[in-house]
Amino acid sequence: MKRNSKLKRFTAGLLSLSFVFLTWGCVGIKVPDRYKEQQEEDKKDRAVEKASPTEARLKDNMALYTEDEDEVITMYLTVSKGNSSDSTDHTWQEVNTYSTDYYTEQGLDRYKVNGVLQVGDETGPVPGELGYGRTTPNCTVSVRGQTSSKDPQKGYKIKIKDNQGMWDGQTVLNLNKHEMEGLRFRNKIMYKLQEGLPDMVSLRTRFVHLYVKDLTKDSPDTVFVDYGLYTHVEQANKKMLKAHGLDSEGFLYKENQMFEFYDYEDIRLVTDPLYDEEKFGYYLESKGSNDHSKLKEMLKDVNSNAMDGDALLDKWFDRDNLAMWMAFNIITGNVDTQSRNTLLYSPSNINKWYFINWDCDAGLRRYEWALNKHDMSYYSKESFGWEYGISNYWSNVLFQKVLKSDDFRKLLDSKVEYIYKDFHGGKVQRLAEYYADIVRPYCFGDADKLYEPLTEAEYDDMLSKIDDELEYNYSLYKDSLKNPMPFYIGKPEVLDGKTVFEWDASYHFGGSDMSYKVEVADNYDFKNPIIKEDSLFLGQVVYDKRLEPGQYFIKVKAVDEEGNECTAFDVYYSENGKIFGCICFYVGADGSIKLEGE
């Protein structure tokens, strides 16, 4: 069966002096030493994780992570129009108006402007720092992000021009706004937690307080306007590889949209006459070597029936890295990693691919999603569908194969236990409170409070639940081991005057027999269903006539012998949120059936 397509300014006087104080230089805000002392104790508590030897264990350069990495950097950005040859002849308003959808529809590159980037403190640019005394552009600025590019408050990609200096050894700054993330420190804390984890590489992150002066409008700004708080995440590129002690001449890809390790037709060699960079980039963005032959060879093996999970792990992947990466994301609830928001790295001299997290702002966020909806039922297992534990990774052909390996699941379980023991019991809770002291004045300051999704009371409530959320994610993982795995619903068909509904078989690690619950209705709340079956043992149900023209929905669940359930992978996006295990289809006047979106 074919799978269905898945598609202002902030002043020191506002701060409590018992928690923060101003410092000079490149730093704006600093948090007291008592938190850093506690962090040192936490580091001592982290046990040395025992793991099996591999051909080449992944190891980070811990010297990158300095004592001041949690302090707020103040940056001043003056934007101006440039020229058409480098596409900087736009206004700041134009740059901030459009999302990625617009650029895709119009076939355009993202609009840019010239900029003068200066680093300083809350009094202004500081001598000796990047851009001090500068009056001519040293960078270009564009909106960054995909989904986030639709938010009113934008994130920015700032590219420092060649030979115009660097900041913290970097020439590309990714300033993330995280407008819909109420705590505003999740990316920061998630990368902090990865520092020093065995077989993991983190990325450098910094809090940034940004001021912008716009010279592109008819009445140019004469002062800097407070744009509030951002989180900079280190750019994935050759400089990043080199800084972390990795092979700068190696292979590095960023997963973009729905990359599930299938041997996609559009993943081609650059030398292939049919190679299309834009189509290739839908799945992967190359950040390292552009010789894709190693990638193609790996994908061919992943999709070969002759290669099971253990064989793939032996040849292409590092077991400890993959298991630790998956365990980290499972315990933190960073669910948006099954097909994107991940970097794939491979050194040039060995056939091993490693996983590095790229975007982590979905981590530790389940409780906040419920708060945003003002409905705590969204903090229940049922509201997550299959987006938890190992079932979250089951649609990915690589992950499905390796998770079928008993040995890999045992290794994964040991990593989950290690991370849970390390994180739960106050360590992450204390770190969250530490970061909250830093960012909270910004969240409810003039620049950001309009778009802060949490009230101050909700912020405190959310902050107090961090440790509980780790425990919850741990229990969800345990549930996922005993539940059926998700599957796909097929497109309904009309055969011999009857309507046939089919779906793929579910999978069970314990070998349990499974039955299926199926409902078909003309509404997504499935009131007055046309079909309702609770104990089907085949992946099919037949309606004995054609359906009348109109809109319909089918929902399917798998149930094991113990009554454990799992929905199908398919998701219908209603006005009330996601409906897991459901597809929408339409019956035409001629009896033909089309899925929504066809």
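Contact here means that heavy atoms lie within 4.5 Å of each other. The structure described below is a predicted model.

## Helix pairs

Two packed helices are described by the angle between their axes and the distance between the axes.

| Helix pair | Axes come within | Crossing angle |
|---|---|---|
| H9 (residues 319–332) and H16 (residues 466–482) | 7 Å | roughly 120 degrees |
| H14 (residues 427–443) and H15 (residues 456–464) | 10 Å | roughly 160 degrees |
| H7 (residues 293–302) and H8 (residues 309–316) | 10 Å | roughly 160 degrees |

The axes of H14 and H15 cross at roughly 160 degrees. Angles over 145 degrees count as roughly antiparallel, and H14 is therefore roughly antiparallel to H15. The crossing of these two helices, H14 and H15, is right-handed. On the H14 side, the residues that meet H15 are Gln-429, Ala-432, Glu-433, Ala-436, Val-439, Arg-440 and Cys-443. Their partners in H15 are Glu-456, Tyr-459, Asp-460, Leu-463 and Ser-464. By residue class, the contact of H14 with H15 comprises 6 nonpolar, 2 polar and 4 charged residues.

The axes of H7 and H8 also come within 10 Å, with a crossing angle of roughly 160 degrees. H7 is therefore roughly antiparallel to H8, and the crossing of H7 and H8 is right-handed. From H7, the contact draws on Lys-294, Glu-297, Met-298, Asp-301 and Val-302. H8 supplies Leu-312, Lys-315 and Trp-316. The residues of the contact of H7 with H8 are 4 nonpolar and 4 charged, with no polar residue.

For H9 and H16, the axes come within 7 Å and cross at roughly 120 degrees. This angle makes H9 oblique to H16. Ile-330, Ile-331 and Thr-332 of H9 meet Leu-470, Asn-473, Tyr-474 and Tyr-477 of H16. The contact of H9 with H16 holds 5 nonpolar and 2 polar residues, and no charged ones.

## Nonpolar cores

In soluble globular proteins, nonpolar side chains tend to be buried together. In this model, the largest nonpolar core has 107 residues. Phe-185, Ile-189, Phe-261 and Phe-317 touch the most other members of this core. Helix H14 gives the most to the core, with 10 residues.

Ile-189 also illustrates contacts with residues elsewhere in the sequence. Leaving aside neighbours within four places in sequence, Ile-189 is in contact with Leu-364, Val-428, Leu-431, Ala-432 and Tyr-435.

Helix H10 spans residues 366–373 and has buried residues at Arg-366, Tyr-367, Glu-368, Ala-370 and Leu-371. The buried residues of H10 pack against H4, helix H11 (381–384), H15 and H16. His-374 follows H10 and has a positive phi, near 55 degrees.

Most residues other than glycine have a negative phi, and most peptide bonds are trans. His-178, although not a glycine, has a positive phi of about 55 degrees. Asn-528 is likewise not a glycine, and its phi is positive at about 50 degrees.

His-178 is found in the loop between strand S8 (172–176) and helix H4 (186–194). Asn-528 belongs to the loop between strand S17 (514–521) and strand S18 (531–536). His-178 counts as buried because its relative accessibility is 10%, under the limit of 20%. Asn-528 counts as exposed because its relative accessible area is 71%, over the limit of 50%.

## Two distances across the chain

Gly-577 is found in strand S23 (residues 577–580) and, at 16% relative accessibility, counts as buried. Gly-577 and Ser-383 are 194 residues apart along the chain, and their C-alpha atoms are separated by 9.4 Å.

Pro-127 lies in the loop between strand S5 (124–125) and strand S6 (139–144). With a relative accessibility of 55%, Pro-127 counts as exposed. Pro-127 and Ala-589 are 462 residues apart in sequence, and the distance between them in space is 73 Å, C-alpha to C-alpha.

Technical notes
Residues are numbered from 1 along each chain as its sequence is written. This is a predicted model: local features need pLDDT of at least 70, side-chain atom pairs count only at pLDDT 80 or more; totals for chains, interfaces and linings use all residues. Side-chain values use heavy atoms; hydrogens and water are left out. Axes are lines fitted to C-alpha atoms, for helices over the stretch in contact, and angles run from 0 to 180 degrees between N-to-C directions. Helices (H or I, at least four residues) and strands (E, at least two) are DSSP runs, numbered from the N terminus. Angles under 35 degrees count as roughly parallel, over 145 as roughly antiparallel, 65 to 115 as roughly perpendicular and the rest as oblique. Ala, Val, Leu, Ile, Met, Phe, Trp, Tyr, Cys and Pro count as nonpolar, Asp, Glu, Lys and Arg as charged, and the others, Gly among them, as polar. A crossing is left-handed if the near helix is turned anticlockwise from the far one by less than a right angle, and right-handed if clockwise. A nonpolar core is a set of buried Ala, Val, Leu, Ile, Met, Phe, Trp, Tyr and Cys residues joined through side-chain atoms within 4.5 Å. Buried means under 20% relative accessible area, exposed over 50%, partly exposed in between (1.4 Å probe, protein chains only).
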